[in-house]
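Please keep the structure open while you read, and take the points one at a time.

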Amino acid sequence: MKKIILAAAAVLALVPASISAFAATEVHIPKEQWGFSGVFGKFDRMQLQRGLQVYKEVCASCHGLKQVAFRNLEALGYSEEQVKAFAAEYEFPTLDDEGSDITRKGLTSDYFPKPYPNEKFARASNNGALPPDLSLITKAREGGPDYLFHLLTGYEDPPQGMTVMDGMHYNKYFADGNFQIAMARQLNDDQVTYADGTKASTDQIARDITVFLHWAAEPNLEARNSTGFRVMIYMVIFTILAFFLKQRIWARLEKK
Amino acid sequence: MSTEKSVWQKAFEWHEARLPLVSFVDNAVGSKYPAPKNLNYFWNFGFLAGFVLVLMIMTGIVLAMNYVPHKDMAFDSVERIMRDVNYGWLIRYMHANGASFFFIVIYIHIFRGMYYGSYKAPREVLWWMGIIIYLAMMATAFMGYVLPWGQMSFWGATVITNMFSAIPLIGEPIVTWLWGGFGVDNPTLNRFFALHYLLPFVIIGLVVLHIWALHIPGSNNPLGIEAAPADKIPFHPYYTIKDVFGLGVFLIVFFAIVFWLPNSLGHPLNYVEANPLVTPPHIVPEWYYLPFYAILRAIPDKLLGVVAMFGSILILFVLPWLDTSRVRSATFRPVFKLFFWLFFANGLVLGWCGSQLAEGLPLIIGRICTFWYFFHFFVIVPVVGWMETPRPLPASIGSSVLKAAE
């Protein structure tokens with residue numbers, strides 16, 4: 001039995017070693033410290049609010065957030081009244097009683113509006129590129145939030161000898177597109193003026209929007225972590241009890 | 001103490017005399033099923049597989065209440081489950097990760113059978129039922145992965161269904177028939193949903209046959225020798241409580257993934273809605289298919305690749321006859337034991353090859369490992385059976401236990 005486990009462990013230890021030896025071309029994405037990671041991970045409400053401000057002021061003109069409704073913003077620490085006021089800043093098409101096109105103010109049940117009426121329009125406005133919807137972006141890319149943060153701050157001059165195509169921009173983390181991305185660098189120091197007075201360095205803005213978008217992708221993260229912790233305590237006690245019960249029942253055999 | 005039976009006892013006996021449901025269960029997995037007393041923890045995995053099957057059906061039914069099998073709504077309906085359905089995120093993460101854990105459990109179960117020779121006479125049909133369950137599981141999991149209608153759903157479905165076009169003459173019509181059109185589209189999604197809901201119940205039927213076939217010869221054991229009646233103990237309470245403890249350990253690992261790393265076994269691209277106009281640069285199936293995907297791509301000819309891939313599983317049907325050794329357990333087969341672990345490692349490396357682009361070193365390694373996969377079954381297993389001198393078998397399970405105690 002021990003031998004089996006040892007052999008299995010040896011095999012399992014060898015395989016990842018051989019895998020890492022062959023994986024070469026991938027871009028290394030440095031790991032960042034996030035408040036939401038780990039077993040007790042949580043979102044910082046003020047950071048989420050700053051991230052929402054960045055989304056609204058910087059990203060929203062090109063990127064949608066279609067899975068997120070205004071009502072969800074209460075999770076960011078806003079009151080119902082604040083969310084109502086936030087929604088009312090948007091206008092949505094509707095019909096009047098005669099069936100004519102009019103607009104109405106946004107309600108908390110509305111979702112963030114799409115920036116473009118359709119894909120063709122979006123591509124035509126962006127040099128042929130389609131700005132992706134951001135609702136799930138931190139889950140939809142290899143590397144997740146780390147990747148997003150470094151992509152947003154990964155703009156620099158192209159290396160010697162590399163020609164960047166017209167309308168494209170060099171980004172050292174955009175490996176999927178041969179390091180040429182249609183989105184220009186968006187984040188700069190003092191790009192936004194934070195309502196809470198936080199100094200808006202490029203790094204700070206990138207972190208705030210990343211945390212906000214991770215909330216958008218995984219709004220139940222906090223409930224998931226805390227429920228998981230409680231379930232785990234239950235399971236550990238259950239398993240220990242089951243073990244002792246098993247020992248006790250099997251002890252009957254030795255008595256025979 | 002009164003010898004008078006209570007009303008409840010009488011009612012129970014009245015019912016059992018007419019439909020002996022409780023006796024049926026008691027005979028199947030209860031106190032009337034004698035099992036060898038030396039079963040180790042690798043024998044927990046049959047029960048665990050059954051548990052996960054029930055978990056998948058229960059979570060799946062709730063998901064089906066909220067899921068919309070339409071190409072324009074499937075992706076968003078899954079997101080609605082994740083965001084707006086009460087505990088929808090938990091149900092879906094249990095279902096998605098449950099599929100992975102189902103395969104982890106089943107692979108351990110299959111390898112346990114291979115190590116201890118559980119496929120050998122008189123358990124060949126039991127082994128066959130197991131393989132058929134495994135095939136049904138693969139079909140079910142494949143169709144389930146298509147339902148969220150993400151990029152990997154769509155393109156995985158396209159690649160896998162296209163394999164059938166390799167069949168000469170009727171290949172193309174078969175693929176069109178499978179799709180219900182001229183590409184993976186709404187009809188494909190509809191029928192995959194219907195079949196994904198149906199097949200688990202077929203698997204339940206197959207599990208009944210599997211357990212039925214188990215009861216004819218009874219359970220194998222780590223020594224691989226026939227268990228004398230004196231060496232058997234009732235399944236309940238001894239193995240039921242052992243299974244409950246094993247279930248606790250399993251659920252600790254399972255819930256750790258479900259609650260804290262729920263997306264670690266999935267592919268990020270499946271959080272991008274399916275787009276028939278954008279092909280991902282690197283289409284990979286779910287991790288549990290990777291060894292077979294590597295075999296498919298190791299062979300330059302499409303038809304032969306498909307034949308090899310299906311053959312790699314179908315070959316398991318004849319394993320009881322390829323294995324010429326009459327000793328079941330690898331415990332007494334030093335040479336076979338070595339090759340067993342080599343085969344196991346070969347499977348892991350094949351899995352890695354399947355996750356890489358089919359070019360350069362991974363392709364070469366994939367070809368070597370594909371060769372070894374078949375070489376193991378066609379040459380190693382029969383030849384080792386002939387040549388090997390097994391260690392002496394104990395006369396009985398009881399005598400082996402006594403010996404170990406000395």
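Here are my notes, in numbered points.

1. A word before we start: this is a predicted model. Please keep that in mind as you go through the contacts below.

2. Let's begin with chain A. Chain A has seven helices and four strands, and along the sequence they run in the order α-α-α-β-β-α-α-β-β-α-α. The chain has 256 residues, and 37% of them count as buried. If you take the contacts in chain A between residues at least 6 apart in sequence, 59% join residues at least 24 apart.

3. Chain B comes in two parts: domain 1 spans 27-281 and domain 2 spans 284-406. Between the centres of these domains of chain B, taken over C-alpha atoms, there are 22 Å. Their contact involves 51 residues of domain 1 and 43 residues of domain 2. Together the two domains bury about 4100 Å², with 71% of that on carbon and sulfur atoms.

4. What holds charged partners across the two domains of chain B? Two salt bridges are found at this interface. K120(B) and D323(B) form a salt bridge, with their closest N and O atoms 3.0 Å apart. There are also 21 residue pairs in polar contact between the domains.

5. Now look at the face of domain 1 of chain B that touches domain 2. The elements giving two or more residues to this face are α5 (88-115), α6 (124-146) and α7 (151-162) of chain B, and α6(B) gives the most, with eleven residues. By class, the face has 35 nonpolar, ten polar and six charged residues.

6. Next, how do the two chains meet? The contact takes 46 residues from chain B and 47 from chain A, and the area buried between them is about 4200 Å², of which carbon and sulfur atoms give 73%. On the chain B side, R83(B), Y238(B) and W260(B) lose the most area to chain A, together 18% of what that side buries.

7. Which pairs link the chains? Between chain B and chain A there are two salt bridges, and E273(B) meets K66(A) in a salt bridge at 3.5 Å, N to O. Ten residue pairs are in polar contact across this interface.

8. Finally, see which helices of chain B face chain A. Those giving two or more residues include α4 (74-83), α14 (334-355) and α15 (360-387). The largest share, 16 residues, comes from α10(B). This side of chain B has 36 nonpolar, three polar and seven charged residues.

How values were computed. Residues are numbered from 1 along each chain as its sequence is written. Chains are lettered from A and ligands numbered from 1 in the order in which they are written. This is a predicted model: local features need pLDDT of at least 70, side-chain atom pairs count only at pLDDT 80 or more; totals for chains, interfaces and linings use all residues. Side-chain values use heavy atoms; hydrogens and water are left out. Domain bounds come from an automatic or database domain assignment. Contact means heavy atoms within 4.5 Å. Buried area is the accessible area (1.4 Å probe) that two parts lose on being put together, summed over both. A salt bridge is a side-chain nitrogen of Lys or Arg within 4 Å of a carboxyl oxygen of Asp or Glu. A polar contact is a pair of N or O atoms within 3.5 Å; within protein, one must be able to donate a hydrogen and the other to accept it, and residues adjacent in sequence count only if both atoms are side-chain atoms. Ala, Val, Leu, Ile, Met, Phe, Trp, Tyr, Cys and Pro count as nonpolar, Asp, Glu, Lys and Arg as charged, and the others, Gly among them, as polar. Buried means under 20% relative accessible area, exposed over 50%, partly exposed in between (1.4 Å probe, protein chains only).
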